[in-house]
Amino acid sequence: MAALRGWPLDVHPLNPLLHNRPDRIPEAVEALVVELRGRYERVVVGYADCGTYGALDEVCERLGVERLPGLHCYDLYAGPAAVESLTADEPGTYLLTDFLVRSFARTVVQELGLDRHPELRDDYFRHYTRVVWLAQTGDPAEQAELRTLAQEAADRIGLPLEVRPTGTGGLERALATLVSG
């Protein structure tokens, strides 16, 4: 997205598995911001709160850096009102992004041990009632591939799949605001 928009920036990703342990996100963000400060005039954080319950905001405030808005990336793709509606209408909603669809076998199945202990599925997903894939891609071939993977993910945890096309406009607008700030 940055290359398409011509934004002069470098991306320094953190391990996406931090989302399985959001309590570790603030410390990891802080370490990277401190490291990058010596090399860049300006550093921003490409994370929403991501389950840190305000701890990431405390780090950002202390370090004087901005982050993406929202409680989680789902807000950036579907919009906070849509996510709130999805979860209010059916509290047992398990959300997937394109990234999570692609990495489900690793980030969920393997990391939660479902590959070794499939009997844990009901312990982890007992209170969920559906999977909603917030589909960002507009490419038909990629959509078809991801649709298959999303269905496999939903089947793996024994839930029906719903697909909600969201695109990337919300994320793109939030990044534009963050980059131009």
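Mentor: Gladly! Two strands pair if DSSP finds at least two bridges between them, and strands (E, at least two residues) and helices (H or I, at least four) are DSSP runs, numbered from the N terminus. This is a predicted model, where local features need pLDDT of at least 70, side-chain atom pairs count only at pLDDT 80 or more, and totals for chains, interfaces and linings use all residues. Residues are numbered from 1 along each chain as its sequence is written, and side-chain values use heavy atoms, without hydrogens and water.

Trainee: What makes β2 and β3 a pair?

Mentor: Strand β3 (residues 161-165) and β2 share five bridges in the parallel sense, with Trp-133 opposite Val-163 in β3. The rule asks for at least two bridges, so β2 and β3 pair.

Trainee: And how do you know that strand β1 and β2 pair?

Mentor: β1 (residues 93-96) and β2 have four parallel bridges, and Leu-95 stands opposite Val-132 in β2.

Trainee: Why is β2 called largely enclosed?

Mentor: Buried means under 20% relative accessible area (exposed is over 50%, partly exposed in between; 1.4 Å probe, protein chains only). Six of the six residues of β2 (residues 130-135) are buried, so the rest of the structure largely encloses this strand. Arg-130, Val-132 and Leu-134 are buried on one side, and Val-131, Trp-133 and Ala-135 on the other.

Trainee: How many helices and strands does the chain have?

Mentor: Nine helices and three strands.
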